[in-house]
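Me: I'd like to go through the labels on this one and see what backs each of them up. Can you take my questions one at a time?

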Amino acid sequence: MPELPEVEVVKQSLEKYIVNKNLLKIIVKNNKLRFPVPKNLSKKLSNIKIKKIKRISKYIVIEFYNDLFLIVHLGMSGTLHLTKNINFFKNTNLSFYHSKKIPKKHNHIFFVFKNFSIIYNDPRRFGFIKLIKKKNNLNNYFKKLGPEPFGADFNFNYVKKYLHKKTKNIKNTLLDQNFLSGIGNIYSSEILNYSKINPLKLSGEINNMEINKIIFYTKKVLKHAIRRGGTTINNFHSIKGKQGSYQKEFRVYNREKAICKNKLCRGTIIKINISNRSTYMCNICQNN
């Protein structure tokens with residue numbers, strides 16, 4: 001599943017093409033996604049200009065000028081592709097994730113603009129599209145999410161209060177979207193290795209110095225991953241077909257039996273299982 005950096009890369013790519021453009025129509029080939037595609041979606045959004053695009057956690061939110069908001073969640077296998085209208089399924093260098101060829105199967109939704117279309121493709125159909133009217137309703141939809149990692153609300157006082165007496169391990173807390181928005185399995189392992197914290201350590205036992213490290217390295221890792229175009233796992237590509245490159249800089253993820261990259265540490269990366277997720281850590285500097 002794409003995490004915050006990958007969704008941010010897609011959001012930035014979309015911004016370049018569809019902001020201030022009129023959406024001509026929506027063609028729904030298959031409405032059976034994780035949730036059914038809203039009825040009359042094309043009628044409600046046709047010929048309306050797109051005002052802005054933003055990312056909330058792992059969601060893409062497309063705002064229209066008539067106070068309508070289209071939420072796009074990519075799920076496990078959802079991808080977006082941009083193609084010229086006269087060349088559906090032909091070669092393109094504008095795919096968000098895939099190769100230069102638009103997939104021929106599992107293209108469920110077409111967002112048609114004047115000279116191009118955005119295609120939503122999802123083999124496993126765990127993603128979804130949701131239409132929300134009015135800003136207040138949008139805010140209510142996301143109200144249970146924790147703060148954004150780059151926001152002012154993600155600070156020492158907030159983290160200390162949230163972790164107080166929590167018996168859940170810190171790895172699972174980082175994955176909890178009610179605590180912090182957008183972090184997934186890959187980046188939580190990276191953040192904890194930078195911080196030299198054992199992923200199995202109880203959240204309520206995280207000390208003040210470790211709290212500061214978690215905040216600092218969360219921002220550092222995510223910003224760096226965005227600059228690198230995200231992580232290319234399962235063929236993640238940017239809008240120009242360029243692979244994300246952050247996976248080349250992994251410190252622990254997928255590096256089992258490799259040497260730890262932390263300074264002055266000669267430990268070995270090991271893989272453990274936490275809540276049915278592969279977790280990578282150093283057997284020395286994170287063994288606290």
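Me: Which residues touch the most other members of the largest nonpolar core?

Reply: In this predicted model, they are Val159, Leu163, Ile170, Phe179 and Ile206, out of 34 residues in that core. At least two residues each come from α4 (156-163), α5 (170-175), α6 (185-195), α7 (208-227) and β11 (277-282). The largest share is from α7, with eight residues.

Me: What makes a set of residues a nonpolar core?

Reply: The members have to be buried and of the nonpolar kinds such as Val, Leu, Ile and Phe, joined through side-chain atoms within 4.5 Å. There's a second, separate core of 30 residues too, with Val10, Leu23, Leu33 and Phe113 among them. As background, nonpolar side chains in soluble globular proteins tend to be buried together.

Me: Why is Asn198 called buried?

Reply: Buried means under 20% relative accessible area, and Asn198 has 10% relative accessibility, so it counts as buried.

Me: Where is Asn198, and what does it touch?

Reply: Asn198 lies in the loop between α6 and α7. Leaving out residues up to four places away in sequence, Asn198 touches Ile170, Met281, Gln286, Asn287 and Asn288.

Me: And which residues does Leu163 contact, beyond its neighbours within four places in sequence?

Reply: Leu163 is in contact with Ile170, Thr173, Ser203, Gly204, Ile206 and Ile211.

Me: How much of the whole protein chain is buried?

Reply: Buried residues account for 53% of its 288 residues. The chain's secondary structure is seven helices and eleven strands.

Terms used. Residues numbered from 1 in each chain as written. Predicted model: local features only at pLDDT ≥ 70, side-chain atom pairs only at ≥ 80, totals over all residues. Heavy atoms only, no water. Buried < 20%, exposed > 50% of the residue type's maximum accessible area, 1.4 Å probe, protein only. Helix = DSSP H or I, 4+ residues; strand = E, 2+ residues; numbered from the N terminus. Contact = heavy atoms within 4.5 Å.
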